[in-house]
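Okay, thanks for coming, everyone.

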Amino acid sequence: MMSGSTIEPSTAWRMAVIGCGRVGNLHAQAIAGHQGAALVAVCDPDRERSTAMAERYRARAYSSLSQLLAAEKLDAVTIATPDHLHVAPVLAAIACGCHVFCEKPLAESAADAARVVQAAAERGVHLAVDYNRRVAFGYRTARRLLDEGAIGKLDYCLLRVTDRTPGAAVARHPHVMFTTLLTHHLDLMRHFGGEILRVQATAGDEPPGALLRNVSISLRFTSGAIGTIVAGYRDALARTVEWMELGGSAGSLVVEDVTRRVIVVGKDPDRSEVFEPNHFISSDAFDDTIVEHVRDFITRVASGNAPGVTGRDGLAGLRLAAAAVESLRTARFVEVPAL
């Protein structure tokens, strides 16, 4: 077992996928298509699903994670179990010395996320969280332009997101939007604006104990910039829809959707510059960002570097989500202590 060590570029990383649903299949696709990795095993309590994935990628199928970890010598695993079932497999893999790439959220609570982050640090392994939006064309391009000074110093960040109403398996409590969907967007706020000092959340009217369907979150960054997230659930929506605007001292930019074009406007509002993905060399499919993120994790960590999105980022997102829920309860701004 290779615990926290640098993998030589010529050595294929031995990996396993935990969870063989739709996202797990994207993880498997990413691993199988990376020249520095080998998918040797998959695991799911649904034996039919694990067997089908194993046959597709010529790997070994397991229905028990403990059996997989005992039988296989692994360098890393990816976790694609349901959102509320991440902590146990992540901790088990860490205990065996595996690097871990985990789907978001890292845990259901900030306390559990902190426990996972501490376990990885103590074992000396890398832990990554799939905030895949960071690697998508729209947000990736916006980050580059911001770093290049295209809009000057950031003054504000506005983000809108609408998603389909989740089923009962996901909607496990009224505030689930904060701990699942919006951990992505709270992470994007940190990604663009830096650390967040305080949070205030409001919600639309719903019966007591019902799923919150419309929320807004106001943020104050330590830099002095401000931010707002407006989010909602809509029944039978075909896909998630997002839009972001960054305003700066020298202009603004808009990300039309996760994988769509970016528009930059300087001080003359009648002139703009448009950046669009090249569809001849890349896809604009959202699922491709997950594949790209897994491959980026392999490349970085197998070369001895930290992942692009770490377990601490996953913890930070859940701490912000907890602060938003506390703000709803108290109808006040909630301070967010530095990690």
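**A first look at the chain**

So, the chain has 10 helices and 15 strands; here helices (H or I, at least four residues) and strands (E, at least two) are DSSP runs, numbered from the N terminus. With a radius of gyration of 20 Å, close to the 20 Å that the globule rule gives for 339 residues, the chain is as compact as a globular protein of that length. That radius is taken over C-alpha atoms, and the rule is 2.2 Å times the number of residues to the power 0.38.

Before I go further, a word on where this comes from. This is a predicted model, in which local features need pLDDT of at least 70 and side-chain atom pairs count only at pLDDT 80 or more, while totals for chains, interfaces and linings use all residues. Residues are numbered from 1 along each chain as its sequence is written, and side-chain values use heavy atoms, with hydrogens and water left out.

Okay, overall dimensions. The C-alpha trace spans about 60 × 50 × 40 Å along its principal axes. Of the 339 residues, 50% are buried, where buried means under 20% relative accessible area, exposed means over 50%, and partly exposed is in between (1.4 Å probe, protein chains only). The chain exposes about 15,100 Å², and carbon and sulfur atoms supply 51% of that; the areas come from the Shrake-Rupley method with a 1.4 Å probe, and for residues only the protein chains shown count as cover.

Now contacts, meaning heavy atoms within 4.5 Å. If you take those between residues at least 6 apart in sequence, 68% join residues at least 24 apart.

**The nine-stranded sheet**

Let's go to the sheet. It's an open sheet of nine strands with mixed pairing, and the order is β14-β13-β12-β11-β7-β10-β9-β8-β15. At the edges sit β14 (272–275) and β15, each pairing on one side only. Two strands pair here if DSSP finds at least two bridges between them. As a reminder, strands of a sheet pair through backbone hydrogen bonds, either parallel or antiparallel.

Have a look at β9, residues 214–221. Which residues make up its covered face? They're Val 215, Ile 217, Leu 219 and Phe 221, while Asn 214, Ser 216, Ser 218 and Arg 220 make up the uncovered one.

On one side, β9 runs antiparallel to β8 (residues 196–203), with seven bridges joining them. Arg 220 in β9 is the bridge partner of Arg 198. β9 also pairs with β10 (residues 226–234), again antiparallel and over seven bridges. There, Ile 217 stands opposite Ile 229 of β10. These two strands, β9 and β10, form a hairpin with four residues between them, and Gly 224 in the turn has a positive phi of about 100°.

Elsewhere in the sheet, β12 (residues 251–255) and β13 (residues 262–265) run antiparallel, joined by four bridges. Val 254 stands opposite Ile 263 in β13. In the loop between β12 and β13 you'll find Glu 256, which is partly exposed at 31% relative accessibility. Leaving aside neighbours within four places in sequence, Glu 256 contacts Glu 242, Trp 243, Arg 261 and Ile 263. The C-alpha atoms of Glu 256 and Glu 245 are 8.6 Å apart, with the two residues 11 apart along the chain.

**A few loops to visit**

Next stop, the loop between β5 (99–103) and α5 (110–123), where Pro 105 sits. What kind of peptide bond joins Lys 104 and Pro 105? A cis one, with omega about -10°.

Ala 107 lies in the loop between β5 and α5 too, and at 0% relative accessibility Ala 107 is buried. Not counting residues up to four places away in sequence, Ala 107 touches Val 87, Asp 112, Ala 113 and Leu 318. Val 87 is 20 residues from Ala 107 along the chain, with 5.8 Å between their C-alpha atoms.

Arg 58, in the loop between α2 (47–57) and β3 (60–62), has a positive phi of about 55° although it is not a glycine. Is Arg 58 buried or exposed? Exposed: the relative accessible area of Arg 58 is 81%.

Ala 331 isn't a glycine either, and has a positive phi of about 60°. You'll find Ala 331 in the loop between α10 (311–330) and β15 (334–335), and with 62% relative accessibility Ala 331 is exposed.
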